[in-house]
Amino acid sequence: MEVSSLPLSPSQRGKLIAAGYTTLSSLSSVSAPDLARDLNISEHEAIEILKVSSQSSAQTAWDMLYEEEFMTRITTSCADLDNILGGGISCKEVTEIGGVPGIGKTQLGIQLAVNVQIPIDYGGLGGKAVYIDTEGSFMVERVFQVAEACIEDMPYNYPQKDFQARKNKMQPENFLANIFYFRVCSYTEQIALINYLDKFVAENKDVKSVIVDSVTFHFRQDFDDLALRTRLLSGIALKLMKLAKKFSLAVVLLNQVTTKFNEGSYQLTLALGDSWSHACTNRIILYWNGNERYAYIDKSPSLQSASAAYSVTGKGIRDAASHCKRVRIM
């Protein structure tokens with residue numbers, strides 16, 4: 001449920017939204033003193049607001065359908081891929097994206113970290129991104145290149161009369177400044193960082209996407225106790241699901257592939273086993289079909305299984321059909 005529907009005064013609703021408290025879930029764990037500070041109100045008034053929000057916390061099925069229909073999404077910059085995703089990568093959900101090396105997982109992660117910053121009046125979220133790099137594959141030069149292309153293409157995708165004036169304020173450097181980058185070198189660091197994200201996002205309420213590239217890497221290295229690995233991964237998944245719901249942001253987990261023996265032959269499948277496949281809301285598999293890249297919705301409670309072609313170009317992720325020459329970025 002949105003804060004705008006709470007039985008509060010217009011002034012209180014306006015202060016909540018301006019401070020980043022847009023949904024009931026964003027108010028669920030904040031204390032009265034912290035809310036009073038953020039809204040510049042008395043602690044007594046903050047207690048009354050929290051009391052109203054707690055009384056309105058139950059949701060009907062109609063509320064859930066309404067939220068799903070108006071769920072905010074992050075464009076992938078590929079119209080065909082956005083189309084099968086219902087408009088892009090969903091906020092308030094965990095989306096896993098996996099595929100073979102060189103298929104464009106990191107490129108898609110970088111594209112989402114840039115696109116989440118597209119201003120609201122140009123069809124975006126006007127947010128910031130957290131990028132967790134476990135493999136060392138994040139390339140700042142590539143982010144700059146994608147950000148430049150995003151600014152260049154914006155007037156064509158989202159025409160507005162005042163674009164030129166706004167463009168002067170939108171520079172690639174600003175896009176880079178709005179990506180919080182964390183380099184993680186072990187699974188213990190990864191767990192610690194996931195535990196810290198709740199506090200970090202609470203202090204940086206503009207964060208609208210968390211990208212983990214990849215969630216797999218450190219859990220495939222020297223991990224003999226598979227039962228322990230499963231428990232640790234389940235804990236990570238649960239925390240990320242709660243984070244997505246609480247702060248209405250998109251969590252994107254990039255995953256690697258492995259081989260699985262099935263019906264007498266080895267087949268490629270996403271890493272971390274069958275139990276991990278239940279850890280996300282949506283699962284997208286990237287694959288090659290000849291020389292073309294495709295994305296396939298393998299699992300989703302609200303989206304039909306479908307495939308869409310995409311390309312990785314100098315500008316980033318784009319429509320496959322609109323580029324005769326495709327640039328493969330490794």
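## A quick look around T216

Leaving aside residues up to four places away in sequence, T216 touches L254, N255, Q256, A271 and L272. Keep in mind that this is a predicted model. So where does T216 sit in the chain? You'll find T216 in the loop that runs between β6 (207-213) and α12 (226-247).

**More on T216**
- Is T216 buried or exposed? T216 counts as buried because its relative accessibility is 0%, and the cut-off for buried is under 20%.

**The whole chain**
- The protein chain has 13 helices and 13 strands.
- It's 330 residues in total, and 48% of them count as buried.
- Take the contacts with a separation of 6 or more: 64% of those in the protein chain come from residues 24 or more positions apart.

**The cavity**
- Rolling a probe the size of a water molecule over the atoms is a way to see where empty space is left.
- How many cavities of 30 Å³ or more does the structure hold? There is one.
- The largest cavity has about 30 Å³ of space in it.
- Its lining is made up of L85, G88, I89, S90, T95, N282 and L303.
- Sorted by class, the lining of the largest cavity comes out as three nonpolar and four polar residues, with no charged ones.

Technical notes:
Residues are numbered from 1 along each chain as its sequence is written. This is a predicted model: local features need pLDDT of at least 70, side-chain atom pairs count only at pLDDT 80 or more; totals for chains, interfaces and linings use all residues. Side-chain values use heavy atoms; hydrogens and water are left out. Helices (H or I, at least four residues) and strands (E, at least two) are DSSP runs, numbered from the N terminus. Buried means under 20% relative accessible area, exposed over 50%, partly exposed in between (1.4 Å probe, protein chains only). Contact means heavy atoms within 4.5 Å. On a 1 Å grid over the protein atoms alone, a cavity is a set of points where a 1.4 Å probe fits but cannot get out, and a pocket is an open set with protein on both sides within 12 Å along at least five of seven lines; lining residues have an atom within 4 Å of a point. Grid points are joined across faces, edges and corners, and a volume is the space filled by probe spheres set on the points. Ala, Val, Leu, Ile, Met, Phe, Trp, Tyr, Cys and Pro count as nonpolar, Asp, Glu, Lys and Arg as charged, and the others, Gly among them, as polar.
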